[in-house]
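Thanks for making time this morning.

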Amino acid sequence: SQQLRQGQLKIAPAAMAARCRLAARFHHIHGANIRLDASHTQATRVESFANGLCFSQEPLAPGQVFLVEIEEKELGWCGHLRVGLTAHDPQSLEVVPEYSLPDLVNLGDTWVFAITRNHNRVLVEGEEVQARGRPWEPFLLIERVRIPRDTLVGRSRPGRYSHVLDDLYKMNVLPATARRSRIGVLYAPQPDGTADMHIVINGEDMGPSARGLPAARPLYAVIDVFASTKSVRVIPVDYGFPSLQTLCRLVIQKHIVHRLAIDGLDLPPLLKSFCQHE
């Protein structure tokens, strides 16, 4: 029932974490050019630029984010990762469409958007864009959903030219389509029985990308490994409290001038590495 599905937002963090880790895999039904690893957590497009559709193994629970990290890019193609939700059970598809846009969307009950550097959101009449939360805040709040932000954020690895990205690092963001960027999708039930779809890019909620989704129906995540995006990996998201290690990293990152300055801190090597990148 709708009340039961809405009530899942209030389940214990441990139960939500267990459910989400179980669901953090790709469905065995996928596009013709996709190869999954043995754990079904990595999806790689092995040729061409299309036929890269993937789905979550299970329907998402309300407020459950399906999060992927871009692991590999491929030069020579125009376009990037596409993500969204569908009410179609992947096993019900006679043929997996070549493209999420427009093929899968044209089947109906599917909402997919291409990830760009400047993502979209849908505003209702009279609504104003809300100010973004500070990047060092430990939780991302989306309506009644509270998600530890640290897992959601992709980070570049420091290196010889890391100063080029340092301003981005201070804000805990990477370009949306960059390697190691993390993209997530979820839905939040509304009082009228529908749901809003939210896309999260490196810990930032892009706001409702689509409204009026049928919250009473099972909704699967859609990940289209398209064009310049070559390989992605599912990142499990825990819904409990951030670890002490994570909270320490947030404090350290908030106060350092330059990420490479972490090397000079009197900290254990593993903690230094954790503070610089994941």
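Predicted model: local features only at pLDDT ≥ 70, side-chain atom pairs only at ≥ 80, totals over all residues.

Leaving aside residues up to four places away in sequence, Thr41 touches Ala24, Arg25, Phe26, Val232, Arg233 and Val234, where contact means heavy atoms within 4.5 Å. Residues are numbered from 1 along each chain as its sequence is written, and side-chain values use heavy atoms, with hydrogens and water left out.

Thr41 sits in the loop between β1 and β2, strands being DSSP runs of E of at least two residues and helices runs of H or I of at least four, numbered from the N terminus. Because its relative accessibility is 14%, Thr41 counts as buried; the scale is under 20% relative accessible area for buried, over 50% for exposed and partly exposed in between, with a 1.4 Å probe and protein chains only. Its side chain is joined to that of Arg233 by a polar contact of 3.2 Å, that is, a pair of N or O atoms within 3.5 Å, where within protein one must be able to donate a hydrogen and the other to accept it, and residues adjacent in sequence count only if both atoms are side-chain atoms.

Which residues touch the most other members of the largest nonpolar core? Among its 34 residues, they are Phe26, Phe66, Val68, Ile223 and Val232, a nonpolar core being a set of buried Ala, Val, Leu, Ile, Met, Phe, Trp, Tyr and Cys residues joined through side-chain atoms within 4.5 Å. The elements that give two or more residues to this core include β4 (66-73), β12 (220-224) and β13 (229-234), and β10 gives the most, with 4 residues. A second, separate core has 12 residues, including Leu67 and Tyr239.

Turning to the rings, there are 5 aromatic pairs in the structure, counted when the ring centres of Phe, Tyr or Trp (its six-membered ring) lie within 6.5 Å, with planes under 30 degrees apart called stacked, over 60 edge-to-face and the rest tilted. Phe26 and Phe66 make an edge-to-face pair, at 5.9 Å centre to centre and 65° between the planes; it links the loop between α2 (13-23) and β1 to strand β4, 40 residues apart, and both Phe26 and Phe66 are buried.
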